[in-house]
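The following exercises concern a single protein chain. Please study the sequence and the structure shown below, then work through each task before reading its solution.

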Amino acid sequence: MEARGRAEDENIKITVEMLKSRTGQFDLESILFLKLKNIGICNLGCIGDCVNLERLDLSGNDISNLTPLASLKLLAVLNLSANRISNLVCMNTSYQSAILEIFPKIKVLDGERMSGRGSDLYQLCKDMDASLKEMRSSGSVGEWPGTKKWVEDGYWELKPKRKTQSDEAVEQFYNIVKECRELNSKAADIIAKTERTLCTIK
């Protein structure tokens, strides 16, 4: 709500300065990834100059015109969700095909895989989810059974490492050295006390 209010008051537009400050790049053609979500953008401005852009997140803004994106032919990932797009209605089934026509290299659109490895599996899972929802709403599928744990408690906890013979030998060696130091310290104390006693007797 706050971002939308700002957009109406300030008419936030993408500028060269905004892109440079957000990415740290001096040349717009060097920008490959760009995340401009939830900042109240309503005008895409000079974004079309980022001709090498591969990933773009514009979600949660007030964008109503996608024309400036037409020059971004290398886009592989695009997120336009939660925007006011007037020239392409997102709820329309032709939305995805229209976007794919404009951006032929798109693999992910609004978080959904459109092409490439895994796209068929993604679509299959989506279809299965839709079918299950339909079956649940019609009452033909009962409640889900209680979930069971895949592994027992403590399965992923690190087990204490078994000592090898060399580990045990090193530990014994250090223990012996420690005992020798303690004995040496005790012997030095006894010698010092004896010397003091002999000095007092003389």
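**Exercise 1. Identify the residues with the most contacts inside the largest nonpolar core.**

Solution. The model is a predicted one, in which local features need pLDDT of at least 70 and side-chain atom pairs count only at pLDDT 80 or more, while totals for chains, interfaces and linings use all residues. Residues are numbered from 1 along each chain as its sequence is written, and side-chain values use heavy atoms, with hydrogens and water left out.

Step 1. A nonpolar core is a set of buried Ala, Val, Leu, Ile, Met, Phe, Trp, Tyr and Cys residues joined through side-chain atoms within 4.5 Å. Buried means under 20% relative accessible area, exposed over 50%, and partly exposed in between (1.4 Å probe, protein chains only).

Step 2. The largest such core has 31 residues, and Ile14, Leu56, Leu58 and Leu69 have the most contacts inside it. Two or more residues come from each of α2 (16-23) and α3 (94-102); helices (H or I, at least four residues) and strands (E, at least two) are DSSP runs, numbered from the N terminus.

Step 3. With contact defined as heavy atoms within 4.5 Å, and leaving aside residues up to four places away in sequence, Leu56 touches several residues, including Leu34, Ile47, Leu69 and Val77.

**Exercise 2. Determine the strand order of the open sheet.**

Solution. Step 1. Two strands pair if DSSP finds at least two bridges between them. The 5 strands of the open sheet follow the order β2-β4-β5-β6-β7, and their pairing is mixed.

Step 2. At the edges are β2 (33-35) and β7 (112-113), each pairing on one side only.

Step 3. Strands β4 (residues 55-57) and β5 (residues 77-79) run parallel and are joined by 3 bridges. Asn79 in β5 is the bridge partner of Asp57.

**Exercise 3. Locate the salt bridge of Arg84 and state whether each partner is buried or partly exposed.**

Solution. Step 1. A salt bridge places a side-chain nitrogen of Lys or Arg within 4 Å of a carboxyl oxygen of Asp or Glu. The structure holds 1 salt bridge, in which the side chains of Arg84 and Asp62 meet at 3.9 Å, N to O.

Step 2. This pair links distant parts of the chain, 22 residues apart: Arg84 lies in the loop between β5 and α3, and Asp62 in the loop between β4 and β5.

Step 3. Arg84 has a relative accessible area of 47% and is therefore partly exposed, whereas Asp62, at 5%, is buried.
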